[in-house]
Amino acid sequence: VIAFQSFSPGKKLSIDDEQQGLNDQVIIKFSHVVAENTPKGLAAKRFAGLVEKYTEHKVRVEVYPNQSLYSDGEEIEALQRNEVQMIAPAASKITELSPKWLLLDLPYIFPNHEALKYALTGEIGTELLSSLEEEDIKGLSFWSNHFKQITSNSPIRHPSDFKGKNFRIMKSRVLEEQFSHFGATTSATAFNDTFKNLEKNEMDSQENTITNINSKKLYQVQKYMTISDHGYLGYAVLVNKRFWDSLPGDIKEDIEKAMAETTDWLWEKSQEMNTQQMEEIKSNSRIQIYTLTNAEKRAWMREMTVIYGQFEPSIGKELMEKAQVIRQ
Ligand code: LMR
């Protein structure tokens, strides 16, 4: 656990004191796997700036993007060992640790950002975050990205078009079933291997948000994109619990304030970025984009939601019911 030495409030620091103060700075290593020009990448940097400001440099957040410290498969364990103090994995990547999180992967579980925000800032979010405490992890917030779209090397307009395809997915039983139910195979691989794997034809399809597709240029190795909004990709900001508990109350408050501000900013910003980067994809690539009609979307919804039932024992009946109430 990183040692923390507090400063006397209001004390005027001499140059030597200031140097000493900087030496005593608490460092939070924040590791993530996406590029900087993405909702999570920008949020992490913004959060780092706000923490330094509110704590008057008593805490410094070092952000490590693009899997430069740990890949998806490693970062949760690195957090538990306190090798990094903060991570923001996609909800799917938490599902092995706490199966309740499978809820957020269910296709079409929340129809829009308002419903998502309501769920994640309310009882559902609280229950999901507190399920991690027994794993020595404290959940601080939910950061938004956007709904996922499908890319492939042949057109996909109907769930039956998934048949025979091999999808790169994040490791999650729901995501596996979402595709295998329609006769596709799946490979759960690290996000930063996706371009390479698609390029080498080790898989021919994937699902992700527009900002992730754009920042990793997946449009260069995929021919078709279907705007389906069939599933949500968002993050939980997690901190090592023992590290968190070791911080003084006022520092925790400053960090929570920085987190709340960043989270609010990101709800708007992530939507704006996904819209704007869609235009970048259109102008920078020849990928053929098809947007499902409302009728087609309803058909996808009807066919995909049949998988819900088999995950109820893992997610829990009560949580499923709470989600269904918001969904309707
Ligand atoms: C993915 O693996 O596709 C995403 O989780 C990447 C991310 O963190 O947005």
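A crossing of two helices counts as left-handed if the near helix is turned anticlockwise from the far one by less than a right angle, and right-handed if clockwise. The structure here is a predicted model, so local features need pLDDT of at least 70 and side-chain atom pairs count only at pLDDT 80 or more, while totals for chains, interfaces and linings use all residues. Residues are numbered from 1 along each chain as its sequence is written. Helices (H or I, at least four residues) and strands (E, at least two) are DSSP runs, numbered from the N terminus.

Helix α13 is a handy place to start. Helix α5 (residues 123–130) and α13 (residues 317–327) have axes that come within 10 Å and cross at roughly 150°; axes are lines fitted to C-alpha atoms, for helices over the stretch in contact, and angles run from 0 to 180 degrees between N-to-C directions. That makes α5 roughly antiparallel to α13 (under 35 degrees is roughly parallel, over 145 roughly antiparallel, 65 to 115 roughly perpendicular and the rest oblique). The crossing of this pair is left-handed. On the α5 side, E123, I124 and E127 make the contact, and on the α13 side L319, K322 and A323 do, where contact means that the C-beta atoms, placed from the backbone, lie within 7 Å. By class, these residues split into 3 nonpolar, no polar and 3 charged (Ala, Val, Leu, Ile, Met, Phe, Trp, Tyr, Cys and Pro are nonpolar, Asp, Glu, Lys and Arg charged, and the others, Gly among them, polar).

Helix α4 (residues 113–120) also packs on α13, at about 145° and with the axes 10 Å apart. This crossing is right-handed. Here A115, Y118 and A119 of α4 meet A323, I326 and R327 of α13, giving 5 nonpolar residues, no polar ones and 1 charged.

Next comes helix α2 (residues 39–54), which packs against helix α10 (residues 249–284) at about 150°, with 9 Å between the axes. α2 is therefore roughly antiparallel to α10, and the crossing is right-handed. The contact includes F47, L50 and Y54 from α2 and W265, L266 and M273 from α10; its residues comprise 13 nonpolar, 2 polar and 5 charged.

α2 also lies across β1, β2, β4 and β10 (232–240), running at about 165° to β2. Those strands belong to an open sheet of 5 strands, ordered β2-β1-β3-β10-β4, with mixed pairing; two strands pair if DSSP finds at least two bridges between them. β2 (59–64) and β4 (137–147) are the edge strands with a single partner each, so one side of each has no neighbour in the sheet. Inside the sheet, β1 (residues 26–31) and β3 (residues 86–87) run parallel and are joined by 2 bridges, with S31 partnering I87.

A second open sheet has 6 strands in the order β7-β6-β8-β5-β9-β11, and its pairing is mixed too. Its edges are β7 (185–188) and β11 (288–291). On average, neighbouring strands are turned by 25° against each other, direction ignored. Helix α6 (residues 173–180) packs on this sheet, touching β6 (166–169) and β7, and its direction makes about 155° with that of β7. Strands β5 (residues 149–152) and β9 (residues 224–227) pair antiparallel over 3 bridges, and T151 sits opposite M225.

Finally, there is the ligand. The residues around the ligand include V33, K40, D72, N145, F191 and L233, each with its C-beta atom, placed from the backbone, within 6 Å. The whole shell has 6 nonpolar, 3 polar and 2 charged residues.

Definitions and conventions. Contact = placed C-beta atoms within 7 Å.
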